[in-house]
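Here are a few notes for your next look at this model. I hope they are handy with the viewer open.

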Amino acid sequence: VTGQLLAAVVVGLVISVFTFIGRYSEVGVLDGDPVRGGELTSVVRHAGLVGMSIKHIMNSWVVVFRLKGFVFFASAQSVMKSVRGMVERESGNPEYRRLKLVVFECKKLDGLDSSASKEFKKLAADA
C-alpha cells in the first residue's frame, strides 16, 4: 500500500508541475504592443525641422518591446517570434527605412531563465 501511495503522490506532483508550466506559459511577457521610436519621449527638445527629422528616423529605425514578469523558454520563443516577424515585415522597405534597433525595456521584468537568455543571444547573433 505504501508503494502505491508514493507512486500516486509522484504522479500527482508531475501532473501539477506540467499543469503549472502550461498555464504559466500562456501568460504574456510583453507589456502591450511594441512601441515605435517616434512614440518615445525625451527630455531633450529639438526645435522645428530637426525634431521632426529625428522623430521620423526613430519611427523607422527603432522599436521597443516592453517585457514583464518572468521570461522562460516558451515565452522567450513567443517574443522572438514577434521580433522576427516584425523584421520580416520590414524587409520589403528600402534599406534606409528598415528596422535597425530593437530595444527590450526590462523595467517590469522579474527575471529570465538560461534558455531564455540563450534565445536572446541567438537573436543578437542573427542580427
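In which sense do β2 and β3 pair, and over how many bridges?

1. Strands β2 and β3 pair in the parallel sense, with 9 bridges between them. Pairing requires at least two bridges found by DSSP, and strands are DSSP E runs of at least two residues, while helices are H or I runs of at least four, numbered from the N terminus. Between β2 and β3 the chain passes through helix α3 (residues 73-90), in a β-α-β crossover that is right-handed: with the strands pointing away from the viewer, the path from the first strand over the helix to the second runs clockwise.

2. On to the other pairing: strand β1 (residues 35-36) and strand β2 (residues 62-71) run antiparallel, joined by 2 bridges. R36 has V63 as its bridge partner in β2.

3. Now the rings. The structure has 2 aromatic pairs (Phe, Tyr or six-membered Trp ring centres within 6.5 Å; planes under 30 degrees apart are stacked, over 60 edge-to-face, the rest tilted). F104 and F120 make an edge-to-face pair, 5.0 Å centre to centre with 90° between the planes. F104 sits in strand β3 (residues 101-112) and F120 in helix α4 (residues 114-126), 16 residues apart.

4. F65 joins F104 and F120 in a cluster linked by ring pairs, and F65 stands opposite F104 in β3. F104 counts as partly exposed because its relative accessibility is 22% (buried is under 20%, exposed over 50%, partly exposed in between; 1.4 Å probe, protein chains only).

5. A word on provenance: this is a predicted model, where local features need pLDDT of at least 70 and side-chain atom pairs 80 or more, while totals for chains, interfaces and linings use all residues. Residues are numbered from 1 along each chain as its sequence is written, and side-chain values use heavy atoms, leaving out hydrogens and water.
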